[in-house]
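The sequence and the structure are shown first.

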Amino acid sequence: MIEEPLESLLYVSVSTVPDADRRTEVTRIVAQSLVRNAKIGVTGALMSTSRYFAQLLEGAVTAVEPLLARIVLDVRHRGLIVLRRRQLVDRQFVGWSLVYSGRSSTLDDMLQGLMRTADDAAVDALEAVMRALAVPVTD
């Protein structure tokens, strides 16, 4: 059996989740991601601030593309921008990781800048932050 090449997809979007509901919604997103993504062989990481989401998805193109299509329709965010899509040799995240969830003016500023213009250095910096802060989530 020939394995499909792996793809990495990184996006940022504007959160529509009220602050009072953020913790509950992020917990729900992570719980759903653990189950759904394991079934389709997708790994990755989620970052949530009071204003933005950033998510990195890793998996076969045939798994990542339909997942992205479903994510785009999610009403918990708007204005999704794909920052980077590239082929991977090895996954950066094993399983599913919650990178950050909470208030952070530093991360908000970084994500806001990426919503305006996504140069390679800024996207590299976001990926580095996500790897550094990633905490694997289990059932």
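## Salt bridges and packing

Glu25 has a relative accessibility of 15% and therefore counts as buried (buried means under 20% relative accessible area, exposed over 50%, partly exposed in between, with a 1.4 Å probe and protein chains only). The model is predicted, so local features need pLDDT of at least 70 and side-chain atom pairs count only at pLDDT 80 or more, while totals for chains, interfaces and linings use all residues. Residues are numbered from 1 along each chain as its sequence is written, and side-chain values use heavy atoms, with hydrogens and water left out.

The partner of Glu25 is Arg28, and the two side chains form a salt bridge with an N to O distance of 2.4 Å. The term denotes a side-chain nitrogen of Lys or Arg within 4 Å of a carboxyl oxygen of Asp or Glu. Both Arg28 and Glu25 belong to helix 1, 3 residues apart, or about one turn of the helix. Helices (H or I, at least four residues) and strands (E, at least two) are DSSP runs, numbered from the N terminus. Arg28 has a relative accessibility of 39% and counts as partly exposed.

By this rule the count comes to 12 salt bridges. Three of them are listed below.

| Salt bridge | N to O distance | Relative accessibility |
|---|---|---|
| Asp19 and Arg103 | 2.6 Å | Asp19 37%, Arg103 56% |
| Arg28 and Glu25 | 2.4 Å | Arg28 39%, Glu25 15% |
| Asp124 and Arg84 | 2.8 Å | Asp124 40%, Arg84 13% |

The side chains of Asp19 and Arg103 meet in a salt bridge. This pair links distant parts of the chain, 84 residues apart: Asp19 lies in helix 1 (residues 19–40), and Arg103 in the loop between strand 5 (96–102) and helix 3 (105–116). Asp19 is partly exposed, whereas Arg103 is exposed.

Asp124 is bridged to Arg84. Here too distant parts of the chain are linked, with Asp124 in helix 4 (residues 120–133) and Arg84 in strand 4 (residues 77–88), 40 residues apart. Asp124 is partly exposed and Arg84 is buried. Both residues belong to a network of salt bridges that also includes Arg86, Asp120, Glu127 and Arg131.

Strand 2 (residues 43–49) contains Thr43, which is buried at 9% relative accessibility. Its side chain makes a polar contact of 2.6 Å with the side chain of Glu58. Such a contact is a pair of N or O atoms within 3.5 Å; within protein, one must be able to donate a hydrogen and the other to accept it, and residues adjacent in sequence count only if both atoms are side-chain atoms. A polar atom of the Thr43 side chain also lies 3.1 Å from the backbone oxygen of Phe93. Leaving aside neighbours within four places in sequence, the residues in contact with Thr43 (heavy atoms within 4.5 Å) include Leu56, Leu57, Arg91, Val94 and Trp96.

Helix 2 (residues 61–72) has 12 residues, which should span 16 Å at 1.5 Å a residue, and its end C-alpha atoms are 16 Å apart, in agreement. The expected span is 1.5 Å times one less than the number of residues. Ala63, Val64, Leu67, Leu68 and Ile71 are buried in helix 2. These residues cover an arc of only 125° around the axis, which puts them on the same side of helix 2; the arc is that of the directions from the helix axis to the C-beta atoms. The buried residues of helix 2 pack against strand 1 (6–15), helix 1, strand 3 (52–60) and strand 4.

In soluble globular proteins, nonpolar side chains tend to be buried together. A nonpolar core is a set of buried Ala, Val, Leu, Ile, Met, Phe, Trp, Tyr and Cys residues joined through side-chain atoms within 4.5 Å. The largest core has 18 residues, of which Leu10, Met47, Leu83, Leu111, Leu114, Leu126 and Met130 touch the most other members. At least two residues of this core come from each of strand 1, strand 2, strand 3, helix 3 and helix 4, and helix 3 supplies the largest share, 4 residues. A second, separate core of 17 residues includes Leu9, Val26, Leu46 and Leu67.

Met47 is found in strand 2 and is buried, with a relative accessible area of 0%.
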